[in-house]
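Here is a short briefing to read beside the model.

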Amino acid sequence: MADRPVLEVHDLHVTFRTENGLVPAVDGIDFAVAPGRTLAIVGESGSGKSVSSAAVMGLLPANADVKGEVLLDGRELVGLPADELRAIRGNDIALVFQDALSALNPYYTVGWQVAEAYRLHHSVSKKEARRRAVELLDLVGIPGAARRAGNYPHEFSGGMRQRVVIAMALVNNPKVLIADEPTTALDVTVQAQIMRLLADVQAEFGTALVLISHDLGVVAETADDVLVMYAGRAAERGTVRDLFHRAAHPYSLGLLGAVPRVDVPPRPRLATIPGTPPSPGSITTGCPFQPRCAYAERVGERCVTERPELTPRPGEGDHEAACHLGRRPADA
Amino acid sequence: MPDLAWFVVRRLAAAILVMLALSLAVYLIFYALPADPAHLACGKPCTPDRLEQARHFMQLDQSTLQQYLNFLKGVFAGRTFGEGTAAVHCNAPCFGYSFPLARPVTTLIIERLPVTASIALGAAVLWLLIGVSLGVVAALNRGRLLDRLAVGFALVGVASPSFLVGLLAILVFGFWLNMVPVNGYVPFTESPVDWAWHLITPWLVLALIQAAAYIRLTRAQMLEELSLDHITTARAKGAGESRVVLRHGLRGALVPIVTLFGLDLGGLLGGAILTEKVFSMQGLGELLLSAVGQLDVAVVVGTTLFSAFLIILANLLVDIVHGALDPRVSHG
Amino acid sequence: MPDELLRLDGVRKYFGVRGAPWREGKAVRAVDGVDFVVRKGETVGLVGESGSGKSTLARVATRLLDPTAGTVAIGGADVTKVRGRKLRPVRRKIQLVFQDPQASLNPRQSVGTILTTPFRAQGVRPTRAQLVDLLRQVGLSGEHLERYPHEFSGGQRQRIGIARALSVQPELLICDEPVSALDVSVQAQVLNLLADLRDELGLSYVLVAHDLAVVRQVASRVAVMYLGTIVEEGPAAEVYSAPAHPYTKALLSAVPVPEPGAERDRIVLSGDVPTPIDPPSGCPFRTRCYKAEDVCATKRPVLEPVEGSTEHRAACYFPETPTL
């Protein structure tokens, strides 16, 4: 717990220059994750959660402007020369994508692709890299790894492909692993296998995990800390228990009420959040959630004119919410 | 591998059927023409008697179907025209006998093929190099000056008729600048340097025109490939841009390029008619052209079938190579 | 039975696999012997992982695919062999709602045109008032008639898809993953809409879904598919609280719940679903089952009532017994 964070992000802004002008996708985000810990970034489409992770990796397209600080072990990554950043990518920070089929190159064997990731950061022979690749494929639970290393991605099932992607991400023993919806494309029984694998890896290597997900079930089971994003902004931040037991932002509360549950008898109706998530950049003043918020009327003008900042919840440690409603919504 | 063998067998069987249908069609078309080849052969004065004699000797007095069957028989067993000392033998595989040139068509094709092959292969290497590299450069500089230049060059190439470019090249480089020989062909076996020196202008002219299609195709394919998720994976692994572009991007773009290349080359090997004419080279195209002028039906049929065979063969090879290039393709 | 809207008997659907002539012709057994009944007023959840055959079954049920074997009866009439124009009255009773509203709506047609098409197929010309009513039923309004699909959000597009299905006043809607492409907050809106329509119009549903929580929220009955067969079915409350088939039990235990630190006995299945080209002998689940014994490889178990219940059935030699 006392570990210093290995990855710190301060006041991250990402703006896309498009034909229709500047579109802000991420508008001032802070987060940090310590070795062995898991931070979940939760949000719906357009919330900026995936853009944030791409910004950390320096993988955004050329029309994206990134401002703010991304510190890896205290070293600033924003504005780093391309070759220095390249030495860090895949070595100190690695990425696990949502869709393993499209994330893997169809023209090369999985063994080659894992070995490539190793050779990019280690000057070793092809044979040595191959040996390391097989070792990793074995580690992530691919049966007959030595033989399967010679197969192409399309010859694997969805779950096995995601294991390959994880092996590729782990081959250089990174300090930080960013997993962007790593199980969304998978069946639940396979999802359980993959989440267990990630937990095992974390326990063994002390990897810090940034889990980007819209699945509150997965988040509740894996995360230590949670950041809830809405329209490019942080809505709420705290421990996983803060969010699930003491949700302080009306949006978080709405999300929790909207999720059907498999473990308890159904409610007569699911709680809903009216309307749809805003498109990036469409809300410029006030609280981005205000048009859909059930509590906005109670607060009044402030929600429309003044943008709420993350504020600590009294007596709840590091739990913060960006809401003008002082009380917890449930008590309001 | 048995899958591949079965695939080749199936395709070859289909190819034979296509060749048969094609040869019949070519026969029927040329015998529907009002001109009589025997008329040219009978000399002057052409009495009805001598004409009849010539017809009989050339076996033109038989029914069209019988002539076609004779032709087929000649392919497998050879054939003989006339009797006794005046007899003309055409050994198997006999693709007809040219009375005006007094040579079997097979021999003519074998004589002319090295010329056409020299033109086609040299030009092909050039246009592939020019087309693919300019296409890659255009894709990487999408929307910028280099892209516009490459696309403009492609447009000019597509719009230019080869005889015009060829004549211009002869005028400028041959006569005005006196840099290169303007016509003639020197066999490679005689002098490789002279061979290349005589061919350099036709190569460049053909390459300039053909490269256009390759620039456009490569550019489009690269733009598509570079937008795929596995390219982001390669960057996330820490691969440098040149590796991302060449090993990961171009690798995928290669499949359709190779397909087009195979078909173009197959077509060109059957005779580069205009280029051969402009540069006065005695290739297959020139053979066909003069045969049409002299109503030398045997040569027309033979060279047409040979071209068709090359194209079918190219198709087959392209499909096999396709399977080798793309592991997802199965020949089952 | 008059209240049977849909009845499938012994339905099989095999897809051919091309191969060399000296090889034995192999088929993908997408659906491999399924009996399935939907009665009036029911919402039946059809759950299973990818490759279980649930979507293929839905397409056979709507006669979009011909079954390889078995019969399809709609409203008590055998329609297995009905084709072409004669299918129209069948299509009136049973409509399909697709997963991806983006792909299933023609982008060049206005909402009005999209909604008119099913009427036309029945030889009817709808009035504007009828179309506006349809949109109101799904929570949209008349002003949306002139707009095009791209002007709507994902949730609204799915509402349009539902309105289109409702236009011919069907009795049964077969919804194939209706909410899996939607955000959580929007998904809840659509699920509530389906429940409202059921209450207002007396609709019945077959809900094809991989998300077991979604199915629990709306289904009155549930059928669990594995490798082209139904391995368990029964009232949703019973199946979810006391699953009898080891596969159902493992499946339910694998679903993460939004409750940090929840105590759960998770059964993590090893391996992948076997290929439907060459399914295991006997019980299709035996290769991954924690209870499998020799007998499981011999003969495929049939659906039999679970102890203490009449409606709840499982196809297993060693079913779990209710612990309560």
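**Briefing: loops, cores and chain C**

The model is predicted.

**Positive phi in loops**

- Most residues other than glycine have a negative phi.
- C:Gln169 is not a glycine, yet its phi is positive, at about 50°.
- C:Gln169 counts as exposed because it has 12 C-beta neighbours inside 10 Å, and the cut-off for exposed is 12 or fewer.
- A:Asp73 also is not a glycine, and its phi is positive, near 50°.
- In chain A, A:Asp73 lies in the loop between strand S4 (64-72) and strand S5 (75-76).
- A:Asp73 has 12 other C-beta atoms within 10 Å, so this residue is exposed.

**Chain C as a whole**

- Chain C holds 10 helices and 12 strands.
- The C-alpha trace of chain C spans about 65 × 55 × 40 Å along its principal axes.
- For 324 residues, a compact globule would have a radius of gyration near 20 Å. Chain C has 21 Å, which agrees.
- Of the 324 residues in chain C, 47% count as buried.
- Consider the contacts in chain C with a separation of 6 or more: 64% of them join residues 24 or more positions apart.

**A buried glutamine in chain C**

- C:Gln187 belongs to helix H7 of chain C, which covers residues 184-201.
- Is C:Gln187 buried or exposed? C:Gln187 is buried, because 25 other C-beta atoms lie within 10 Å, and the cut-off for buried is 20 or more.
- Setting aside residues up to four places away in sequence, C:Gln187 touches C:Val179 and C:Leu182.
- C:Ser55 is 132 residues from C:Gln187 along the chain, and the two C-alpha atoms are separated by 20 Å.

**Nonpolar cores**

- Which residues touch the most other members of the largest nonpolar core? They are A:Val114, A:Leu137 and A:Val164, in a core of 200 residues.
- Neighbours within four places in sequence aside, A:Val114 is in contact with A:Ala133, A:Leu136, A:Leu137, A:Val164, A:Ala167, A:Met168 and A:Val171.
- Another core, of 70 residues, lies apart from the largest one. Among its residues are B:Val136, B:Leu226, B:Ala272 and B:Ala314.

Key: Residues numbered from 1 in each chain as written. Chains lettered and ligands numbered in written order. Predicted model: local features only at pLDDT ≥ 70, side-chain atom pairs only at ≥ 80, totals over all residues. Helix = DSSP H or I, 4+ residues; strand = E, 2+ residues; numbered from the N terminus. Contact = placed C-beta atoms within 7 Å. Core = buried A, V, L, I, M, F, W, Y, C linked by C-beta atoms within 7 Å. Rg over C-alpha atoms; globule rule 2.2 N^0.38 Å.
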